[in-house]
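Okay, thanks for coming, everyone.

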Amino acid sequence: MSDKILLAHGSGGQMSHELVERLFLRYFDNPILAELDDTAVVAVSGFRFQVSGSPNQRPETSNLKLAFTTDSYVVSPIFFPGGDIGKLAVCGTVNDLAMGGATPLYLSAGFILEEGLPLADLERVVASMAATARAASVQVVTGDTKVVDRGKADRLFINTAGVGVVPAGVELGGGRVRPGDVVILSGTVGDHGMTIMSQREGLRFDSPLVSDCAPLNGLVAAVLDALSSPEDGSSVGAAHCLRDPTRGGLATTLNEVAGKSDVGIEIEEYAVPVRDAVRAACELLGLDPLYVANEGKLVAFVAPEMAGVVLDAMRAHEYGREAAVIGRVTAEHAGRVVLRTPLGARRVLDMLVGEQLPRIC
Amino acid sequence: MKYIDEFRDPQLARKLLASIRTRSKRPVRFMEFCGGHTHAIFRHGLRQMLPPTVELRSGPGCPVCVTANADIDRAIALASEPRVVMATFGDMLRVPGSHGSLQTARAEGADVRVVYSPLDALQIAHGCPERAVVFLGVGFETTAPGVAASILEAEAGGLDNFYVLSLHKLTPPATRAILDAGEVRLAGIIGPGHVTTVIGSRAWEFLPRDYGVPCAVAGFEPLDILRAVAAMVEMAESGQPGVVNAYSRGVRPEGNRTALGIMRRVFEVGEAEWRGLGRVPASGLALRPEYARFDAARAFPVDPGPAREHAGCRCGDVLRGVVEPPDCPLFRRACTPAQPIGPCMVSAEGACAAWYRYGEVDV
C-alpha cells in the first residue's frame with residue numbers, strides 16, 4: 001500500500017477494499033463488520049418496543065433484526081441534474097438499508113459546512129433532503145452541525161446514518177448467492193457517474209445526462225412482497241442478495257459478490273442497459289459504463305424459478321421499468337466475473353483499479 | 001447508438017471472421033501500432049475469435065508509455081515548483097517516474113490538475129494570473145495540433161502565464177525504428193486510426209514501398225479492426241502489399257490539412273527519446289524559436305537528477321513488440337494496476353493494463 005492516502009483509496013475499487021480490510025477491519029475486528037455488506041444487520045432479542053412512523057412496518061416486537069448503516073457525501077458540484085448532495089445523502093443511506101432487506105425507518109444527518117456557504121444553498125439542500133425522506137417514508141430524527149474555516153471543506157459535506165428493521169424470513173447478503181441464481185439489474189447503468197463527471201469537468205454534451213439518484217426501498221419492498229405471496233408457494237428466501245452498484249459501478253459490485261459467495265458470474269454484455277447519452281459520454285472519455293457509479297439501481301441475485309416474478313415486480317415499479325436479466329451465477333471460475341461480448345468472445349470483467357481516468361488520444 | 005452499433009454488429013463480424021478464416025493460409029503476425037486498438041481488441045475479445053494463423057502483437061502506440069523516465073521526472077520536478085500549476089491529461093497522473101508519480105507529487109502538495117483539453121489549461125491560466133500554468137504535452141499527432149492551437153490562442157490573448165512542456169512524438173518514425181531493428185517479424189501494421197485522421201493514409205506509404213509491409217488503417221470498433229485484418233490477410237496472401245484505408249469515415253489520404261498546418265506553425269521536428277526505442281531522429285516535436293516563450297522547459301529549468309529505470313520492468317520490450325506482457329517477470333506479481341511499476345500497466349492504452357484487465361486466461 002502507498003504510505004499516503006491517494007484519491008484512488010476512495011474510488012470504491014481495489015484500493016478502497018485494501019484500505020478497509022488491512023486497516024479498518026484489522027482494528028475494528030468483529031464478525032458483524034467482517035460481513036462487509038452495505039449495511040450491518042444485528043439481532044436484538046428479548047426487547048419489546050414499538051416501531052412507529054413506518055407504513056411498511058411489520059409487527060416485530062421480540063426477536064428483532066435491526067439494520068444499521070452510515071455513509072458520507074462529498075459530491076461536487078452539490079447541485080446536479082437529477083439531484084443534489086442532500087437527496088443523495090438520504091437515498092444513499094436508505095438504499096444501503098434496503099439492500100439488507102430492511103425497511104428503513106430513521107436517519108441521522110451530520111453537516112460539515114464551510115464558512116461562507118450561502119444560507120440559501122444550505123436551505124435548498126435541506127429542503128431536498130426533507131422531500132426525499134418523505135418520498136422514502138423515513139424521518140431524519142437526529143443531527144449535528146459543524147462549521148469549518150473557509151478552504152477546510154468544499155462547501156458542504158453530509159454524513160447520514162440510518163436504522164431499519166429486517167422483516168422475518170428475509171436473509172440477504174453478499175455471501176448467500178448460489179450457482180444457478182439469475183442476475184437481474186433494475187435499469188440502466190452509468191447515469192449518475194457520467195452526470196457528475198460532465199458537470200465537474202465542464203463537459204458539454206448535447207444529450208441530457210441526468211443522475212438516477214432515487215430511494216430504492218419501495219422497489220425492494222415490491223420485490224419482496226411479490227416473493228411472499230403464499231398462493232404460488234414462493235418465498236422471500238428466493239432473493240439471495242441485493243446490491244446497489246454505487247462507486248466502482250456494476251463490475252465492482254459483481255466482483256464483490258462473486259468473491260464473497262465464492263461463485264462465478266457470467267454477464268451478457270448486450271443485456272446490460274445503458275442510455276445512449278451515457279454510452280456516448282463514456283466512448284468520448286474512454287470510460288466503461290460498467291465501472292461508472294449509479295445511485296438509483298440495484299442488482300438482485302434470485303433463485304432461477306423466481307426470476308420471472310422478480311423481473312415483473314421490478315418492471316411494474318417506477319424505479320425498475322428497464323429491469324433486465326443480465327446474467328447467471330455459475331459454479332465455474334469461482335470468484336471471477338466473466339463477460340460475454342456481443343461477438344461471442346468471453347473475457348474477465350475485473351474490479352475497478354485506481355481512479356477511472358479519461359484517455360488522452 | 002448511431003455510429004457505434006453499426007460497427008459492433010455481431011452478424012457482420014461473424015461474416016468477416018469467416019472470410020478471414022477462409023483466406024488465411026500462412027501464419028502471419030500483424031502489429032497494431034495503437035494502444036487504443038490493443039484495448040479494443042481485448043475488450044471485444046477479438047484475439048480469441050481470429051484463426052490461429054493470424055497473430056496480433058501490440059506496438060508502441062501509447063503516448064504515456066513511450067514517455068521516457070527522464071521526461072516524467074522533469075514533469076514531476078516542474079509540478080513541484082511552488083508557482084506552477086501542472087495541467088495534464090488524466091493518464092499521466094499515475095505513471096511512475098524514477099522516484100514517484102504526479103499523483104504522489106500531488107499528495108505531497110504539488111498543484112496538479114486533470115484536464116480534458118489544452119484549452120481547459122488556458123482557462124486555468126486566465127483564472128489565476130499569479131500562477132504559471134504548465135500543460136504537460138504528451139501525445140502523438142492527434143494531440144499536438146490541439147496543443148499548438150492553445151499556444152496560438154495564448155499568444156492572441158496576450159496570456160503570459162501559460163506554458164507547454166512538449167513531449168509530443170511522431171508515429172511513422174517509431175514504426176520505422178521497430179522495422180529497422182528487425183527484432184520482431186511483422187507481416188503488416190494496423191495503422192493508428194486517430195493519428196491517421198491528422199497525418200493522412202499517404203503517410204504510411206513508406207511501409208509497402210521501403211519494407212514490403214502492408215498497412216491497413218483502422219478505426220476502433222470491432223468491425224473496423226476486423227476489416228483492417230481482413231485487408232491485411234488479403235495483401236499478405238496475394239503478396240501485394242499496399243496501404244488500405246479501412247477507416248474511410250474518419251481518414252482521408254491527405255489527412256487534416258488545417259490540423260497539420262497549425263502543428264507545423266508552432267512545432268518543429270526534432271530528435272526525441274522514447275521508452276524502449278531510445279533516441280529516434282526526427283520523431284519529436286519541439287516549440288519553434290518564435291514560440292519559445294511558451295516553452296516550459298526553457299522558462300523553468302529544473303534538475304530532476306539522473307533517471308533510473310525500474311529493475312526487471314520490460315515495458316520497453318513490450319512497446320517494441322518483442323515480448324508480450326505475461327513474458328515480463330513483474331507482470332501480475334510485483335506490477336499491477338494498483339501498484340504499477342511500468343507505464344504500460346498504468347495507461348488506459350497500455351498493453352499490460354489491457355492484458356491485466358481483460359485477461360487472456362482460461363475462463
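I'll go through the domains of chain A, then a sheet in chain B, and then a pair of helices back in chain A.

One thing to keep in mind as you look: this is a predicted model.

So, chain A. Which stretches make up its domains? Domain 1 covers 35-166, and domain 2 covers 182-348. If you take the centres over C-alpha atoms, domain 1 of chain A and domain 2 of chain A sit 23 Å apart. Where they touch, domain 1 of chain A puts in 24 residues and domain 2 of chain A puts in 23 residues.

Let's stay on the domain 1 side of that contact. Which elements give two or more residues to it? In chain A, those are helix H3 (85-99), strand E5 (103-114) and helix H4 (119-135). H3(A) has the largest share, with nine residues. And what is that side of domain 1 made of? You get 13 nonpolar residues, nine polar and two charged.

Okay, over to chain B. Here we have an open sheet of five strands with parallel pairing, and the order is E2-E1-E7-E8-E9.

Now zoom in on one pair in chain B. Strand E1 (residues 28-34) and strand E7 (residues 188-191) run parallel, and three bridges join them.

Last stop, the helices. In general, two packed helices are described by the angle between their axes and the distance between the axes. In chain A, helix H6 (residues 217-227) packs with helix H9 (residues 307-315) at an angle of about 140°, and the axes are 9 Å apart. That angle is why we call H6(A) oblique to H9(A). The crossing of H6(A) past H9(A) is right-handed.

And who meets whom? From H6(A) we have A:Leu219, A:Ala222, A:Val223, A:Ala226 and A:Leu227, and they meet A:Val309, A:Val310, A:Ala313 and A:Met314 in H9(A). Sorted by type, this contact of H6(A) with H9(A) has nine nonpolar residues, no polar and no charged.

Definitions and conventions. Residues are numbered from 1 along each chain as its sequence is written. Chains are lettered from A and ligands numbered from 1 in the order in which they are written. This is a predicted model: local features need pLDDT of at least 70, side-chain atom pairs count only at pLDDT 80 or more; totals for chains, interfaces and linings use all residues. Domain bounds come from an automatic or database domain assignment. Two residues are in contact if their C-beta atoms, placed from the backbone, lie within 7 Å. Helices (H or I, at least four residues) and strands (E, at least two) are DSSP runs, numbered from the N terminus. Ala, Val, Leu, Ile, Met, Phe, Trp, Tyr, Cys and Pro count as nonpolar, Asp, Glu, Lys and Arg as charged, and the others, Gly among them, as polar. Two strands pair if DSSP finds at least two bridges between them. Axes are lines fitted to C-alpha atoms, for helices over the stretch in contact, and angles run from 0 to 180 degrees between N-to-C directions. Angles under 35 degrees count as roughly parallel, over 145 as roughly antiparallel, 65 to 115 as roughly perpendicular and the rest as oblique. A crossing is left-handed if the near helix is turned anticlockwise from the far one by less than a right angle, and right-handed if clockwise.
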